[in-house]
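Trainee: Could we go through this protein together, step by step? I would like to learn how to read it.

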Amino acid sequence: MWTHALSYPVAEERGVKAAAEALGYRVDVIKPWTLGGGKGDISRMLWSRGIRGVLLAPNYSRPDPRYDLDWPRFCTVLLGSSLVNQGLTRVSRDYYHDATLALDQLRKHGCQRPGIVLESNFYERSGRRCVAAFLAFGGSRKHTHVFKVRDDLNRDAVLRWYEQTKPDGVVVAAPPIAGWLSHAPMLALLNQPCETAGTGVQVNFEQIGMEGMHALNALLRTDRRGLLPNPTSILVPGRWVENGCIIPTSASVLSHK
């Protein structure tokens, strides 16, 4: 069930369907924003259609993505991260791994004083794991420059932070911020959108979908419904995609110092 029209990763759905077919399930794609009604109406609709297992994709456009069902009726797995809906088995990207991967690649190209720019929403949903990776990378706060952006993407504040701290490489979560900092010596995206644009970490949405379906299968086979006291979390690492258009050679890095 996709919970928001603006957050609809096609690759994630592809992974769900591939795993479901291998396991012998049929997948119904539900878009509740087209149905109307409250949680009771939607839960009754799912139940009447014989649906007992639900994969939820959260609404990333809000800081607290949430969706409510009559939980005791269903085995449910959350795809992605959420600060609410606790008690659900969830499959999400490995934020700590992805930030570490970006940092390692920047260091490989000569970066010594990295910075990170995160939206508040991303910062909270990641469980602050990206910042933890930066602190581990730097060894102490003085080697790392972290800037948390308001969710309205304040361009002036980001540029002011950059001029004050002057990092020799920047990791950003949102592609628009990469455009504001295109003059930085090195730049890597934590949400690299596709293999033809930019350099950074590409989220493995298809694998997240597949792992989510396998987790749901395990819940269905053991009839574990509702909100669980000790739900499982599965973390899927991203992959590095380098197109050569953002991270320069070491010689180019030196020319910017």
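Predicted model: local features only at pLDDT ≥ 70, side-chain atom pairs only at ≥ 80, totals over all residues.

Mentor: Gladly! Residues are numbered from 1 along each chain as its sequence is written, and side-chain values use heavy atoms, with hydrogens and water left out.

Trainee: How many helices and strands does the protein chain have?

Mentor: Counting the DSSP runs along the protein chain gives both totals. The secondary structure comes to nine helices and ten strands.

Trainee: What percentage of the residues in the protein chain is buried?

Mentor: Buried means under 20% relative accessible area, exposed over 50%, and partly exposed in between (1.4 Å probe, protein chains only). The protein chain has 257 residues, and its buried share is 50%.

Trainee: In which order do the four strands of the open sheet lie?

Mentor: Two strands pair if DSSP finds at least two bridges between them. Here the pairing is parallel, and the edge strands β1 (53-56) and β9 (233-236) each pair on one side only. Four strands make up this open sheet, and their order is β1-β2-β3-β9.

Trainee: Which residue in β2 does Leu-56 stand opposite?

Mentor: Strand β1 runs parallel to β2 (residues 75-79), and four bridges join the two. Within β2, the residue opposite Leu-56 is Leu-78.

Trainee: At about what angle does helix α8 run to β2?

Mentor: Axes are lines fitted to C-alpha atoms, for helices over the stretch in contact, and angles run from 0 to 180 degrees between N-to-C directions. Contact means heavy atoms within 4.5 Å. Helix α8 (residues 205-222) lies across β1, β2, β3 (89-93) and β9, and its angle to β2 is about 160 degrees.

Trainee: Why are the buried residues of α5 on the same side of the helix?

Mentor: In α5 (residues 129-138), the buried residues are Cys-130, Val-131, Ala-133, Phe-134, Phe-137 and Gly-138. They share one side of α5 because the arc they cover around the axis (taken from the directions from the helix axis to the C-beta atoms) is only 155 degrees.

Trainee: Which elements do those buried residues of α5 pack against?

Mentor: Packing here follows heavy-atom contacts. The partners of the buried α5 residues are α3 (95-108), β4 (114-119), α4 (120-125), β5 (145-149) and β6 (169-172).

Trainee: Is Leu-101 buried or exposed?

Mentor: Leu-101 has its place in helix α3. Leaving out residues up to four places away in sequence, Leu-101 touches Val-201, Gly-238, Arg-239 and Trp-240. With a relative accessibility of 19%, Leu-101 counts as buried.

Trainee: How many Å separate the C-alpha atoms of Leu-101 and Gly-200?

Mentor: Along the chain, Leu-101 and Gly-200 are 99 residues apart.

Trainee: What is the relative accessible area of Arg-26?

Mentor: Asp-28 is partly exposed at 26%, and Arg-49 is partly exposed at 45%. Arg-26 is exposed, and its relative accessible area is 69%.

Trainee: How far apart in space are Arg-150 and Ser-120, C-alpha to C-alpha?

Mentor: Arg-150 sits in the loop between β5 and α6 (155-165) and counts as partly exposed, at 47% relative accessibility. In sequence, Arg-150 and Ser-120 are 30 residues apart. In space, C-alpha to C-alpha, the distance is 5.5 Å.
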